[in-house]
2 protein chains.
Amino acid sequence: MRRSGRRAGTADTRGEILAAAREEFAANGFRGTTIRGIAARAGVDPALVHHYFGTKQALFDKAMRFPFDLQSVVPAVLDGPRSGIGERFVRVALELWEGPEMRPAMLALLRSAATDPTAAAMLRQLLTEGPVLALASAIDRPDARLRATLAGSQLVGMAIARYVIGVEPLASASKEEVVRVIGPTVQRYLTGDIGSSRVR
Amino acid sequence: MRRSGRRAGTADTRGEILAAAREEFAANGFRGTTIRGIAARAGVDPALVHHYFGTKQALFDKAMRFPFDLQSVVPAVLDGPRSGIGERFVRVALELWEGPEMRPAMLALLRSAATDPTAAAMLRQLLTEGPVLALASAIDRPDARLRATLAGSQLVGMAIARYVIGVEPLASASKEEVVRVIGPTVQRYLTGDIGSSRVR
């Protein structure tokens, strides 16, 4: 539901523009999104979007700041038997991604990273310095960086199959079904034998 | 190296336009690519591109037809000990993707699928009806379709990490190192216990 009238800025307008931006970037990726489209979705004048956020790139950067600290998932994943780390991590990731706040930000990042260098850098940073690396480092097996990127590659691939291109039966499987099939992969990448200490 | 002069159509021009199209789609995705850009890269007039291929969409469809039958990899992957299927499949995929003909087509498909529905449908079809399903079906374990999409999700995630966003150490690892770390994942997805016969 789009509002049709244009409104002047209020206390909430900034947040509404950010939410509209996330939706537009999620639907169209960075390149396919326009300030005009974001303004239309938020029901405001494009000039107001520029006024609050400046360029499309600056707005993207702001819109992609997740509403909470991603590193905070790490203790919850570590809490429990070591053999359950993979499943707990996949479960936490799915719950985050499928929540109303995170889903558009996650889609926007995946869709934009395919062609926009800044978005690609954000996704790269998330995979190499984000919660996956914090987790891999806390587990304290050799090659934490390689382990983190392997786990990240499976999570990104699953997110693309499930959310971006909608591959069945992954797209309509329940969260727990996905946890059961992907969990052991993430478990091996983070805690198991990955057959190589030569890749660094 | 771009040619600067514009040439009239020759026997090779069509193939050169196709190669230029693959490069442009690979660099910019479907949305970010223009007929003008393709024509410039091929050193021909944009009108000639339209003359040979019609719309950008029709040209994309043609450019994405891989130069050989992907299903032909299946017998080679099946040939050998069953315990090596995962590694052989990852090795074949890497060799294909990193070959000069396939690499731009693969990048073009991954970059475009993020935001273009036709490209997304092509990738979806590749994952649900392509060689991964032929392989999963030949192996004859329950849930071949789920197994194929799981293996496909890991391959897509790895390709994105390695080629599209360039995550280290995956991006500069040797092919054999990637085979060693990803192979067992694909092996489990195609032949092992995936802990679920409820997902279909």
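Predicted model: local features only at pLDDT ≥ 70, side-chain atom pairs only at ≥ 80, totals over all residues.

Colleague: How do you know that the length of helix α10 of chain A agrees with what a helix of 21 residues should span?

Modeller: Helix α10 of chain A covers residues 144-164, and at 1.5 Å a residue it should span 30 Å. Its end C-alpha atoms are 28 Å apart, so the two values agree.

Colleague: And what makes you say that α10(A) is mostly covered?

Modeller: Of its 21 residues, 20 are buried. Just after α10(A) comes A:G166, with a positive phi of about 65 degrees.

Colleague: Which residues of helix α9 of chain A are buried, and what do they pack against?

Modeller: In α9(A), residues 131-139, the buried ones are A:P131, A:V132, A:L133, A:L135, A:A136 and A:I139. They pack against α5 (73-78), α6 (85-97), α8 (117-129), α10 and α11 (175-191) of chain A. Just after α9(A), A:D140 also has a positive phi, of about 65 degrees.

Colleague: Now the two chains. What makes up the contact between them?

Modeller: Chain B brings 48 residues and chain A brings 47 residues. About 3700 Å² is buried between chain B and chain A, and carbon and sulfur atoms give 63% of that area. In chain B, the residues that lose the most area to chain A are B:I165, B:P169 and B:V181, together 16% of what that side buries.

Colleague: How many salt bridges and polar contacts are there between chain B and chain A?

Modeller: The salt bridge count is zero. For polar contacts, the rule finds 14 residue pairs across the interface of chain B and chain A, with both residues at pLDDT 80 or more.

Colleague: Which helix of chain B gives the most to the side that touches chain A?

Modeller: That is α10(B), with 12 residues. By kind, the residues of the side of chain B that touches chain A divide into 25 nonpolar, 13 polar and 10 charged.

Definitions and conventions: Residues numbered from 1 in each chain as written. Chains lettered and ligands numbered in written order. Heavy atoms only, no water. Helix = DSSP H or I, 4+ residues; strand = E, 2+ residues; numbered from the N terminus. Expected span 1.5 Å × (residues − 1). Buried < 20%, exposed > 50% of the residue type's maximum accessible area, 1.4 Å probe, protein only. Contact = heavy atoms within 4.5 Å. Buried area = accessible area lost by both parts, 1.4 Å probe. Salt bridge = Lys/Arg side-chain N within 4 Å of Asp/Glu carboxyl O. Polar contact = N/O pair within 3.5 Å; in protein donor to acceptor, adjacent residues only side chain to side chain. Nonpolar A, V, L, I, M, F, W, Y, C, P; charged D, E, K, R; others polar.
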